[in-house]
Amino acid sequence: NPYGLSGQVALVTGATSGIGRQTAIALAGAGAAVAVNYRDGSRQDAEAVCADIAAAGGTAMPVHADVREEAQVDSMVAETVAHFGTLHILVANAGLERPAPFQDMSLEDWRMVIDVNLTGQFLCTRAAIREFLRRGMQPDISHALGKIVCMSSVHQRIPWAFAANYAASKGGVALLMQSLAQEFAPSRIRVNAIAPGAIRTPINRKAWETDAAMQELLTLMPYGRIGETSDIANAVLWLASDLSDYMTGETLFVDGGMSLYPSFRGAG
Ligand code: NAD
């Protein structure tokens, strides 16, 4: 396998659905042992992901935590370390949307999105970095002490009317990621992000499930198709492997050209 992740341990948050689920499967396919995070009420989904991984010859186990909760995140990482020995790769993926016209946006809508999408990444990256530092280098396993991939969005760059909370959370992720990359580069911890465009998952079902919605969506995407979860999982594999060993503090936009101002094509 070109990604060479055997002997490494990965934790994927929000791994019961969409991008996280596909990423957990891809990391296991590349040889990593994978901790599949789920939140309250999703244990069966996590077990199903682990069963799919096992059926394909991989190794995985479900780990519970609501990423907003400090004690739960810390015990999720402790459980992963107790079971698999350590942690090499974190994919901080859990996220949600609570859109609303701004004048009607409740403090609860605001806090929910910031707590999951931004504070959740703070808690998970901190717990992972503590484990990387505790463990120390394993040059036979990876050139890096640890690798973190933060799931951001094109909305770290593209403003999003009616989803100011979401855009603010992803803008926060971008500078959290870069600040961690700067702080921990001397420790050989690499921290990067992925900015997906529109990917076919439950989070944005309304944007793709009818033909009319899909046609509207496609006007935003020069490449002419919606993204699939495998498009993002493939980018995670590269960022998690030594193939990207000299890269840190970057955001990979995987968006079919969505961030290229497609409405300017042919304009003027
Ligand atoms: P999804 O709804 O299919 O998956 C989100 C996952 O996060 C689920 O497994 C859910 O259980 C989990 N989650 C939510 N709150 C949680 C919490 N408090 N604790 C633990 N887990 C929690 O959506 P997706 O599209 O796969 O989204 C994954 C990530 O990708 C998100 O961060 C999202 O913002 C980002 N993203 C998605 C798209 C897209 O078009 N689908 C585009 C850009 C960015």
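Figure 1. In strand β4 (residues 89–92), V91 is the bridge partner of V12; helices (H or I, at least four residues) and strands (E, at least two) are DSSP runs numbered from the N terminus. The model shown is predicted: local features need pLDDT of at least 70, side-chain atom pairs count only at pLDDT 80 or more, and totals for chains, interfaces and linings use all residues. Residue numbers start from 1 along each chain as its sequence is written. β1 and β4 pair in the parallel sense over three bridges, where pairing requires that DSSP finds at least two bridges between two strands. From β1 (residues 9–12), V9 and L11 point one way and A10 and V12 the other way, and all are buried. A residue is termed buried if 20 or more other C-beta atoms, placed from the backbone, lie within 10 Å of its own, exposed if 12 or fewer do, and partly exposed in between.

**Figure 2. Strand β1 beside strand β2.** Four bridges join β1 to β2 (residues 33–38) in the parallel sense. The partner of V9 in β2 is A33, that of L11 is A35, and V12 stands opposite V36. Between these strands the chain passes through helix α1 (residues 18–29), and this β-α-β crossover is right-handed: with the strands pointing away from the viewer, the path from the first strand over the helix to the second runs clockwise.

**Figure 3. Both faces of strand β2.** Six of the six residues of β2 are buried. A33, A35 and N37 lie on one side, and V34, V36 and Y38 on the other. Strand β2 runs parallel to β3, to which six bridges join it; A35 stands opposite M61 of β3.

Figure 4. The open sheet has the strand order β3-β2-β1-β4-β5-β6-β7, with parallel pairing. Its edge strands, β3 (59–64) and β7 (251–254), each pair on one side only. Neighbouring strands are turned by 20° against each other on average, direction ignored. Helix α3 (residues 70–84) packs on the sheet, touching β1, β2 and β3, and its direction makes about 150° with that of β3. For these angles, axes are lines fitted to C-alpha atoms, for helices over the stretch in contact, and values run from 0 to 180 degrees between N-to-C directions. Contact denotes two residues whose C-beta atoms, placed from the backbone, lie within 7 Å.

**Figure 5. The nonpolar core around L27.** The largest nonpolar core has 77 residues, and those with the most contacts inside it are A24, L27, V34, V36 and V236. Such a core is a set of buried Ala, Val, Leu, Ile, Met, Phe, Trp, Tyr and Cys residues joined through C-beta atoms within 7 Å. Not counting residues up to four places away in sequence, L27 touches L5, A10, V12, A32, V34, I89, L237 and A240. In soluble globular proteins, nonpolar side chains tend to be buried together.

**Figure 6. A92 in strand β4.** A92 belongs to strand β4 and is buried, because 30 other C-beta atoms lie within 10 Å. Leaving aside residues up to four places away in sequence, A92 touches T13, Q121, C124, T125, I148, C150 and M151. A92 and N117 are 25 residues apart along the chain, and their C-alpha atoms are separated by 9.0 Å.

Figure 7. Helix α5 (residues 164–184) has 21 residues and reaches 30 Å from its first C-alpha to its last, close to the expected 30 Å; the expected span is 1.5 Å times one less than the number of residues. Its buried residues include Y166, V173, L176, M177, L180 and F184. The buried residues of α5 pack against α4 (107–135), β5 (146–151) and β6 (189–196). R188 lies in the loop between α5 and β6 and has a positive phi of about 65° although it is not a glycine. R188 counts as partly exposed because it has 16 C-beta neighbours inside 10 Å.

**Figure 8. Y261 in the segment after β7.** Y261 is found in the segment after β7, with a positive phi near 55°. Most residues other than glycine have a negative phi. Y261 counts as exposed because it has 11 C-beta neighbours inside 10 Å.
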